[in-house]
Amino acid sequence: MPPKIIVVGASSGIGKRVAEIYLENGTKVGITGRRLALLEEILNKYPQLAEIESFDVTGTENVSHLNTLVNKLGGLDILIISAGLGDPATELVWEIDKRTVDTNVNGFVEIANWGFNHFVKQGHGQLVVFSSIAANRGNSYAPAYSASKAFQSNYFEGLAIKASRMKKNITVTCIEPGFVNTRQAKGNKRFWVVPVDKAARQIIRAIRKKKRKVYISHRWWLIAKLMRAIPYFLYKKIG
């Protein structure tokens, strides 16, 4: 029986393509996003399989909307958290930092906490987050973004350990993409840029295999390793 899936942040980018691939394969998917019109485009294409709830994860009704989606789907097996943002700037801009933390930390942790506890109660499930290769070190152009992604990756590692100690049938999967060809991938020094469809299919494969941590594309594990190994006096010249 196909799993019932919710993708939080599916109106564009990787989240949208992941949701579309599941829908193309006949899987029921609940999709969320801030832009209702974009969600309705997907709903109109897959009216028998898609369910939508439009909300901003920085708001106060995340759990209410998620519970509504679970009821619409008739259950939940996989919760994918794709919602996120980050804008680079040469100056330190409070509005950017606040917006980034409100989305990538506060909104994220409320949804992840709800999802984990939902799966604990039902006895099974898989929790997935799209973090970033940026989680591995600080970045002067987007300090709040890299810090927020480190929060996500570390939080998910903690949840994986917690699920293991609780002996619960819960899989916790952390995805750390490098550069993917979306509007979210900003900057003029991009390399190894992965097409959205390729990234989405690698992510779905990792989810199916119940991986704990995966880099997209897979060769980005080398960059992650190098980022962590470079001493600060060298890293500060490029970070």
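Analyst: First the term: on a 1 Å grid over the protein atoms alone, a pocket is an open set of points with protein on both sides within 12 Å along at least five of seven lines, while a cavity is a set where a 1.4 Å probe fits but cannot get out; lining residues have an atom within 4 Å of a point. The model is predicted, so local features need pLDDT of at least 70 and side-chain atom pairs count only at pLDDT 80 or more, while totals for chains, interfaces and linings use all residues. Residues are numbered from 1 along each chain as its sequence is written, and side-chain values use heavy atoms, with hydrogens and water left out.

User: Which residues line the second largest pocket?

Analyst: The lining consists of P3, I21, Y22, N25, T27, I78, R201, I204 and R208. Its volume is about 170 Å³, volume being the space filled by probe spheres set on the grid points, which are joined across faces, edges and corners.

User: What classes do those lining residues fall into?

Analyst: Five are nonpolar, two polar and two charged. Ala, Val, Leu, Ile, Met, Phe, Trp, Tyr, Cys and Pro count as nonpolar, Asp, Glu, Lys and Arg as charged, and the others, Gly among them, as polar.

User: Which helix gives the most to that lining?

Analyst: α6, with three residues. Both α1 and α6 supply at least two. Helices here are DSSP runs (H or I, at least four residues), as are strands (E, at least two), numbered from the N terminus.

User: How do α1 and α6 cross?

Analyst: The axes of α1 (residues 13-24) and α6 (residues 196-208) come within 9 Å and cross at roughly 65°. Axes are lines fitted to C-alpha atoms, for helices over the stretch in contact, and angles run from 0 to 180 degrees between N-to-C directions.

User: Switching to cavities. How many of 30 Å³ or more?

Analyst: One. The largest cavity holds about 70 Å³ of space. It is lined by 14 residues, and D87, I96, D97, A142 and P143 are the closest to its centre. α4 and α5 each supply at least two lining residues.

User: At what angle do α4 and α5 cross?

Analyst: Roughly 10°, with the axes coming within 9 Å. The two are therefore roughly parallel; the cut-offs are under 35 degrees for roughly parallel, over 145 for roughly antiparallel, 65 to 115 for roughly perpendicular, and oblique for the rest. Their contact divides into 13 nonpolar, five polar and three charged residues.

User: And α3 against α4, what angle there?

Analyst: About 40°, with the axes of α3 (residues 62-73) and α4 (residues 94-122) 10 Å apart. That makes α3 oblique to α4. The crossing is right-handed.

User: Now the backbone. Where is the cis peptide bond?

Analyst: Between I216 and S217, with omega about -10°. S217 lies in the loop between β7 (213-216) and α7 (220-229).

User: What about phi of K167?

Analyst: Near 55°, a positive value in a residue other than glycine. K167 sits in the loop between α5 (143-165) and β6 (169-177).

How values were computed
Left-handed = near helix turned anticlockwise from the far one by under 90°.
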